[in-house]
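Please look over the structure shown here before reading the notes that follow. They are arranged by topic, for a reader who is new to it.

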Amino acid sequence: MIGGRMSNESFITLFMIGVLVVLFGVSCAIVPRFYLPQNMINLLTNNWYIIMLGIGVTFLLITGNFDMSVGGVIAMTGVLSVWFCQDATASQNALAVGLGLPYGVAIALALLCAMGIGAINAFFIARLKVPSIIITLGTMMIARGVAQIVAQGAQRNTSLPDVFGVLGGLAIPGMSVKLSVLVMAVLIVAAFVFEKKTVAGRRTYLIGANSVAARLSGVNVRRHLTSLFIISSLLAGITGILLSSEFKAGGSSRAMGYEFDALVISLLGGVSIAGGFGSVLGMFVGAVILSVVTSAATGLLLSPDWQFTLKGIVTFLAILAQRFALDKRKG
Amino acid sequence: MKIGREETLRLRNERSNTMRSNIKKFYIYVVLVLIVLVFSLVKLGQVEMFGRGHFLSPDSLINLLRAAVPILTLSGAFTLLMISGYIDLSVGSAMSLSAVVFALMILNGFPFILALPITLVLGVAFGFLNGLLVMKLRITPVIATLVTLNLFKGIALLIVPHGLSAIKGSAALPMPAWINDYARTEVVLGLPWAFFVAVLIIAVLIIIQKRTILGKYAAAIGGNRTAAELSGINAVKWVWLLYIIVGLFAACAGMARASYMSLGDPLSGDGMELDCIIAVLLGGTAFSGGEGSVAKTIIGALIIMCVTTGLMTVIPAFWQVMAKGSVLIAAVVLNHLLVREKVKA
């Protein structure tokens, strides 16, 4: 059987691609105008921000850790990047006065703050061995708290330099594909290469499967986890910068619940919290499944209030179906 | 000579150990007193001690205790679950959903005697579902309850009619005034029924933890599940029961919240899971389970309520999230310093 049998990860990814194809077929059959090419492009690209978060969250899940702080980090970097480059000249409105830094510096500083949140996560989780769910829920509140304090519970969107809206507004001429989507695509490819072809990528799996064994065989588990947490926060920071640029505003309530969506697409893609199992490609498939399901539901005129319930049911079905498929395969 | 030195070392070690265990035993009371002290001194220039507007004025204390009813109702059971090494992140949403359903029933003319058991049965169903997913289908507790968090929240949002933010009375269909009777109307000492129910629940849970088999089994399962199962404890059954108890009290807390606000808000329980976690950690329950105390969690819950109510008088509302996040991190650090060290020694 050497070489002939594919890994369980590829099996689950293929399985979920099959599910995706079936779901897509059903949606095309029952939802009007679902098969149009523009809709397909939308399905692939609409969720770019969740997919960017999903990359970091997937790798952390593979090591057996959660990162619930990503949504808060998006809000924080968005608000901070606005605040840093708003005009420093005095104005009546406190929300219109910023630090007046050049845009480049503002972005760099905001990303540094995002990485700071990642570093706090890493310190508590990798060094003090605090469960990741508790500490990242705490840093979620801290990051969103910073956003709320700086934006005074509202949003900052005035006296911005013209350059602020460029990044989020750029698009490939003639197509509706935005720069942000390109960034997402590049990052997905990079993450895929990292996962399959680099030593560090394979070590991630080892840590997830058995972190004691990983440490004993010479992997610096602490440093590895630290970099993963910082990368996850950095990705969230980049997402926050792009989103705030797209909306030309930094809102303190932006990205509520995104951490859950990122977790859901990873789970749909077959990542297991038991550790050492999952793939970025699977996560991407999971993201498309989620957008097929939600947009089919919207197409069937279900109210948007259905989305929470729908996401919950789909996730449970996916987890159980994947386990069932894996059990069948073993038996 | 050498033995003497070892003897002194041992004595010194012992002394520092007893000191540490004393700190561990009593620090939470000191923290509570300190926080109350800070908030009672902070505006002393403007209002006199125990006067109107002071943190320790009777009105303010009654308000604080009334607002604390949901967390007091819930956090005791939450502690037992965390002692057994499991977690339920869906408590906040379970609370919101019960509040919405309870308010909907009252609005449509159900008598209290009918609405109460239905809400409680609903809570049991929430707990049963969580237990089923975690214990029977063996989905990781955090993931399973995160998903049910969104599921319950989604259902609560679906129940509320489109265009409204909550289940509330209107001109055509007013909310009966007696909805306040449970958690707002004064009974004794200015406090409502719900507060005394919460106290009763706490007392029962403390007895359960100290005197019954459920408390001992929870600690045994949290300490080492495999060992507990090998010695004949049916972990699936007992933890499932704990999930059901948590669900039941979440519904109870939701009912109190709905009665207090006289409406069913589908987001009213948001963040309750974090408040419970903070209370439990402040109370010195170990992250990994195995040890902890319901009574101390209650003190932790009072600390959170003091901090949130006290801060509201001092800083603008948009600092609240930051404050709560910092309290959570501080609780983690305190817990780490006091619980972890002892395990190592």
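## Helix packing and chain contact

In this predicted model, helix α12(A) passes helix α13(A) in a crossing that is right-handed.

**Helices α12 and α13 of chain A**

- Helix α12 of chain A covers residues 258-268 and helix α13 of chain A covers residues 280-299, and their axes come within 7 Å while crossing at roughly 110 degrees.
- Since angles of 65 to 115 degrees count as roughly perpendicular, α12(A) and α13(A) are therefore described as roughly perpendicular to each other.
- On the side of α12(A), the residues in contact are Val264(A), Ile265(A), Ser266(A) and Leu268(A), and they meet Met283(A), Gly286(A), Ala287(A), Ile289(A) and Leu290(A) of α13(A).
- The residues of this contact of α12(A) with α13(A) comprise 7 nonpolar and 2 polar ones, with no charged residue.

**Helices α4 and α5 of chain A**

- Helix α4 of chain A (residues 70-85) packs against helix α5 of chain A (residues 103-127) at an angle of about 150 degrees, and the two axes are 8 Å apart.
- That angle makes α4(A) roughly antiparallel to α5(A), and the crossing in which α4(A) passes α5(A) is right-handed.
- From α4(A), the residues Val73(A), Met76(A), Thr77(A), Leu80(A), Ser81(A), Phe84(A) and Cys85(A) take part, and they meet residues of α5(A) including Tyr103(A), Ala106(A), Ile107(A) and Ile117(A).
- In the contact of α4(A) with α5(A), 14 residues are nonpolar and 2 are polar, while no charged residue takes part.

**Where chain A touches chain B**

- Chain A contributes 34 residues to the contact between the chains, and chain B contributes 31 residues.
- On the side of chain A that touches chain B, the elements giving two or more residues are α6 (132-150), α12 and α14 (306-330) of chain A.
- Of these, α6(A) supplies the largest share of that side, namely 12 residues.
- The residues on the side of chain A that touches chain B divide into 22 nonpolar, 9 polar and 3 charged.

**Chain B as a whole**

- Chain B has 13 helices and 0 strands, and along the sequence its pattern reads α-α-α-α-α-α-α-α-α-α-α-α-α.
- For 345 residues, a compact globule would have a radius of gyration near 20 Å, and the 22 Å of chain B agrees with this.
- Taken along the principal axes, the C-alpha atoms of chain B fill a box of roughly 90 × 60 × 35 Å.
- Of the 345 residues in chain B, 46% count as buried.
- Among the contacts in chain B with a separation of 6 or more, 77% are accounted for by residues 24 or more positions apart.

**Helices α4 and α5 of chain B**

- Helix α4 of chain B (residues 91-107) and helix α5 of chain B (residues 112-136) have axes that come within 10 Å and cross at roughly 155 degrees.
- Angles over 145 degrees count as roughly antiparallel, and α4(B) and α5(B) are therefore roughly antiparallel to each other, in a crossing that is right-handed.
- Ala94(B), Ser98(B), Val101(B), Phe102(B), Met105(B) and Ile106(B) in α4(B) are in contact with residues of α5(B), among them Ala115(B), Ile118(B), Leu122(B) and Phe126(B).
- The residues of the contact of α4(B) with α5(B) comprise 9 nonpolar and 3 polar ones, with no charged residue.

Terms used. Residues numbered from 1 in each chain as written. Chains lettered and ligands numbered in written order. Predicted model: local features only at pLDDT ≥ 70, side-chain atom pairs only at ≥ 80, totals over all residues. Axes fitted to C-alpha atoms, helices over the stretch in contact; angles between N-to-C directions. Helix = DSSP H or I, 4+ residues; strand = E, 2+ residues; numbered from the N terminus. Parallel < 35°, antiparallel > 145°, perpendicular 65-115°, else oblique. Left-handed = near helix turned anticlockwise from the far one by under 90°. Contact = placed C-beta atoms within 7 Å. Nonpolar A, V, L, I, M, F, W, Y, C, P; charged D, E, K, R; others polar. Rg over C-alpha atoms; globule rule 2.2 N^0.38 Å. Buried ≥ 20, exposed ≤ 12 C-beta atoms within 10 Å, placed from the backbone.
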